[in-house]
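Biologist: I would like a close look at a single part of this model, with the cut-offs spelled out as you go.

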Amino acid sequence: MARKKRPKGKRQTAKKPKRAVKRVRKAAKKSPAKKPSIKKPAKKAAAKKPAAKAAPRAKGVAVTGAMRPRFNEIITPAALEFLAGLHRKFDRRRKELMQRRADRQHRFDAGELPDFLPDTKAIREQGWKIGPIPKDLLDRRVEITGPVDRKMVVNALNSGAQVYMADFEDACSPSWENLIEGQLNLKDRWEGRLAFTDPQTKKSYKLNDKVATLVVRPRGWHLTEDHVTVDGEPISGALFDFGLYFFHNVRRLIGADTGPYFYIAKIESHLEARLWNDVFEYAQSQFKLPTGTIKATVLIETLPAAFEMDEILYEMRDHILGLNAGRWDYIFSFIKRLGKNPRFLTPDRSVMTMDKAFLAAYAQLLIRTCHRRGAYAMGGMAAQIPVKGNDKANEEAFKKVRADKEREAGSGNDGTWVAHPDLVPVAEEVFNRMMPRPNQLDVLREDVKSSRDKLLEVHEGDRTEEGLRLNIRVGIQYIEAWLKGRGAVPLYNLMEDAATAEISRMQVWQWLYHRAKLKDGREVTPDLFEEILEDEMKKLREALGPTNFDTGRFEEAIELFKDMSLSMDVEEFLTIPAYSLIK
């Protein structure tokens, strides 16, 4: 099928909202290899954060983030030396792998489809197993995830879940303050001084005697931490987050009969998994720790990674515990990687459910792959959050959660994710009932037959104006909150993270790129998009109040969402250009 072309000049000449600030993005439209640059409005220049005045020193390392109270407990000369070692040993390979992603995307844009790798067929066919699983991670039936602010850390550890994933990635707006304060909170947990008093309610929070096992999710390979440079180059955000947590806590972790446990995000290939494995080996060697001290679970949340699950497990077999079905990012990745191919035009995201099409195929294959290797297969997120004073709405939400968790437990998953403490008992009841033992590694799912066609099957369903509107209002509201420092945002009774905004802007982009037809016959054109955008923002301004809207960061959020939607080429992650607005 021939690719549909957009009317010449249509996107470039579309008028911006009256309040929008003009950005220089023409270069990105001329060359897909060059990333768009988004700058802060001149009027905000005075709000720029001050440079660090008393940052510790290490050879070749520069710290530009402000050194606020207690930050010198994290940013120490020894910690910086450790980070510098990670950067010098691994950053070149990281950049090569990011270029490999870009090269692969060019091939996808030209019509190539992802597939199982012929060169690694032997790995898929052999009967190897992963290494041993630590005793405090033998039962992972309910895992709660959330950002690393102090109150969340206390509440999540006390939630009753078996595991708390402290998130420096999609649920964290990566401002310097958020990142270092998060590291302090985790360090305080292992030093026995984690407590919190709400400044408004004066309510005190402290850890219970029994708490969840702590697992940390660093940022993905694609992001940098621009406040720390090594030999003039910004350090990888992944190495920064991993390195600081490992360096400051590994000895106490081992002494507490647990270990340095991680969730690894956004991997796209077994070569990227190999890089993480080599990072683990290096970190262990620096502390003279045995291989396998570090343990990790890998999120399969990108389309290319779904075709390399065996290979990812194999590359990390001494350090890996299992795989997780990261459903929201997986939808985003599916659209991003195949978005220019009209065969993969998606319907409203509300009809893309886990029991159908490519989502069902990959979730089932993940269970079969993991259990064959003795690895855990973790289910996806229940993003619902309680509505105060509305028992009916809560019961409807809990009903959806139960049904989703019953599907996961019935399929053979060993555990699942929730986003709110009130959902822990809901998910736990399902897994206790359907999985009375610690895991389901004996459920081999040999009935699951994998194929490329099944993994690429698009969901059936309509594209509607309401679906377009939802993408616009949710995407922009999330970006606005992220720019203000919040990475986990409650919207319409769901706890949203960056994956939500990524799906929203990517699907709008895809519908615009192909001038997709809505259920009522209209084409999704730049004019229709801007008309709906203006209407949705008008309604949102009325709902929030003019003062709240106008003093927020909606101007920049609208600009960013609109630019990415109307661009002829896809921005890899919205957090890359958005980072320049918060750092």
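Which residues of the largest nonpolar core touch the most other members?

Modeller: This is a predicted model, in which local features need pLDDT of at least 70 and side-chain atom pairs count only at pLDDT 80 or more, while totals for chains, interfaces and linings use all residues. Residues are numbered from 1 along each chain as its sequence is written, and side-chain values use heavy atoms, with hydrogens and water left out.

Of the 121 residues in the largest nonpolar core, the ones that touch the most other members are Tyr164, Phe242, Phe246, Trp276, Ile300 and Leu323. A nonpolar core here is a set of buried Ala, Val, Leu, Ile, Met, Phe, Trp, Tyr and Cys residues joined through side-chain atoms within 4.5 Å, where buried means under 20% relative accessible area, exposed over 50% and partly exposed in between, with a 1.4 Å probe and protein chains only. Taking Phe242 from that list, and leaving aside residues up to four places away in sequence, its contacts (heavy atoms within 4.5 Å) are Leu86, Pro218, Phe262, Trp276, Val279, Phe280, Ala283 and Ile294. Apart from this core lies another, of 39 residues, among them Ile476, Ala481, Met537 and Leu566.

Phe242 also takes part in a helix pairing, with helices defined as DSSP runs of H or I of at least four residues, numbered from the N terminus. Helix 7 (residues 237–255) packs against helix 8 (residues 270–286) at an angle of about 30°, their axes being 12 Å apart; the axes are lines fitted to C-alpha atoms over the stretch in contact, and angles run from 0 to 180 degrees between N-to-C directions. Helix 7 is therefore roughly parallel to helix 8, since angles under 35 degrees count as roughly parallel, over 145 as roughly antiparallel, 65 to 115 as roughly perpendicular and the rest as oblique. The crossing of the two helices is right-handed, meaning that the near helix is turned clockwise from the far one by less than a right angle. On the side of helix 7 the contact is made by Ala238, Leu239, Phe242 and Phe246, and on that of helix 8 by Trp276, Val279, Phe280, Ala283 and Gln284. These residues divide into eight nonpolar, one polar and no charged, where Ala, Val, Leu, Ile, Met, Phe, Trp, Tyr, Cys and Pro count as nonpolar, Asp, Glu, Lys and Arg as charged, and the others, Gly among them, as polar.
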